[in-house]
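I opened my notebook to write down what I looked up, one entry at a time.

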Amino acid sequence: MKKIMSAFVGMVLLTIFCFSPQASAAYDDLHEGYATYTGSGYSGGAFLLDPIPSDMEITAINPADLNYGGVKAALAGSYLEVEGPKGKTTVYVTDLYPEGARGALDLSPNAFRKIGNMKDGKINIKWRVVKAPITGNFTYRIKEGSSRWWAAIQVRNHKYPVMKMEYEKDGKWINMEKMDYNHFVSTNLGTGSLKVRMTDIRGKVVKDTIPKLPESGTSKAYTVPGHVQFPE
């Protein structure tokens with residue numbers, strides 16, 4: 001009887017695992033949901049990606065899809081191909097849609113207009129993560145208050161979402177925690193230039209070097225150019 005029960009429990013657990021959406025979801029799977037529109041997100045967005053051109057097509061994203069794989073702000077700064085009743089467009093993820101259900105996006109008016117009728121206000125959509133339509137290498141934003149003792153670093157201009165950032169110290173790679181505001185944070189980062197390692201949503205890894213951080217906390221955020229980009 002015990003063997004039968006053990007086998008039954010094992011089959012149930014295997015079935016749950018195999019059919020769990022989280023277990024099988026790929027980063028570029030097609031999502032289904034709805035879209036609304038808003039004029040916000042160009043300045044002061046949750047992911048601190050300012051400045052954003054006023055004519056850029058952007059979106060806010062729901063919390064469930066934002067934190068892909070359990071990583072905070074995983075899809076911040078990514079690009080999504082969105083399809084609605086009238087067609088497709090590509091949008092840049094700049095803000096959080098806190099009340100949005102899974103699959104929901106809050107598009108900028110210029111993006112919404114391309115795929116739906118403004119008078120509808122809310123439309124059904126499908127979307128997926130795509131390679132960013134960008135050129136050049138990363139840019140790093142060093143958040144105000146950062147120093148060699150505590151720093152928050154954001155990766156910008158990346159072809160695919162950044163899931164992980166580490167820095168090298170004493171021959172070891174130290175993981176930096178990704179925060180809701182789309183920066184990677186750590187403490188005691190050392191006195192010299194910072195060797196960093198980034199992993200994208202596909203598992204691709206690149207290494208770079210960032211100039212040494214200030215001795216005391218900087219009063220303003222600043223950016224520094226990177227030297228690498230995620231591969232195709």
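**Entry 1: a charge over a ring**

I started with R202, whose charged end sits over the ring of Y160, 3.7 Å from the ring centre. I noted at once that this is a predicted model. Then I checked how open the two residues are. R202 has 23% relative accessibility and counts as partly exposed. D200 has 2%, so D200 counts as buried, because buried means under 20%.

I found another charge over a ring at Y34. K122 lies over the face of Y34, 4.2 Å from the ring centre.

**Entry 2: the rings**

I went back to Y160 to see which ring it pairs with. I noted that the structure holds 5 aromatic pairs. One of them joins Y27 and Y160. Their centres are 6.4 Å apart, with 90 degrees between the planes, and the pair is edge-to-face. Where do Y27 and Y160 lie? Y27 is in the loop between α2 (21-24) and β1 (31-37), and Y160 is in the loop between β8 (150-156) and β9. The pair therefore ties together parts that are 133 residues apart in sequence. I looked up burial too: Y27 and Y160 are both buried.

I then took F138 and F230. Their ring centres are 5.0 Å apart and their planes stand at 70 degrees, so this pair is edge-to-face. The cut-off I needed here is an angle over 60 degrees. F138 lies in the loop between β6 (123-130) and β7 (139-142), while F230 lies in the segment after β14. This pair ties together parts that are 92 residues apart in sequence. Are F138 and F230 buried or exposed? Both are buried.

I looked up the total and found 11 salt bridges in the structure. One of them is between the side chains of D65 and R102, at 3.7 Å from N to O. D65 lies in helix α3 (residues 63-66), and R102 lies in the loop between β4 (87-96) and β5 (105-107). So the pair ties together parts that are 37 residues apart in sequence. D65 counts as buried, at 6% relative accessibility.

R141 and E144 form another salt bridge, and their closest N and O atoms are 3.8 Å apart. I compared their accessible areas. R141 is buried at 14%, whereas E144 is partly exposed at 32%.

Salt bridges link K131, K159 and E232.

**Entry 3: the sheet**

How many strands form the open sheet, and in what order? There are 8, in the order β13-β12-β9-β10-β11-β8-β7-β14, with antiparallel pairing. The edge strands are β13 (205-210) and β14 (222-225), and each pairs on one side only. From one strand to the next, the twist averages 35 degrees.

Strands β9 (residues 162-169) and β10 (residues 172-178) run antiparallel and are joined by 5 bridges. I looked up E168 as well: its bridge partner in β10 is W173.

Key: Residues numbered from 1 in each chain as written. Predicted model: local features only at pLDDT ≥ 70, side-chain atom pairs only at ≥ 80, totals over all residues. Heavy atoms only, no water. Pairing = 2+ DSSP bridges. Helix = DSSP H or I, 4+ residues; strand = E, 2+ residues; numbered from the N terminus. Axes fitted to C-alpha atoms, helices over the stretch in contact; angles between N-to-C directions. Salt bridge = Lys/Arg side-chain N within 4 Å of Asp/Glu carboxyl O. Buried < 20%, exposed > 50% of the residue type's maximum accessible area, 1.4 Å probe, protein only. Phe/Tyr/Trp six-rings, centres within 6.5 Å; stacked < 30°, edge-to-face > 60°. Lys NZ or Arg CZ within 6 Å of the ring centre and 35° of its normal.
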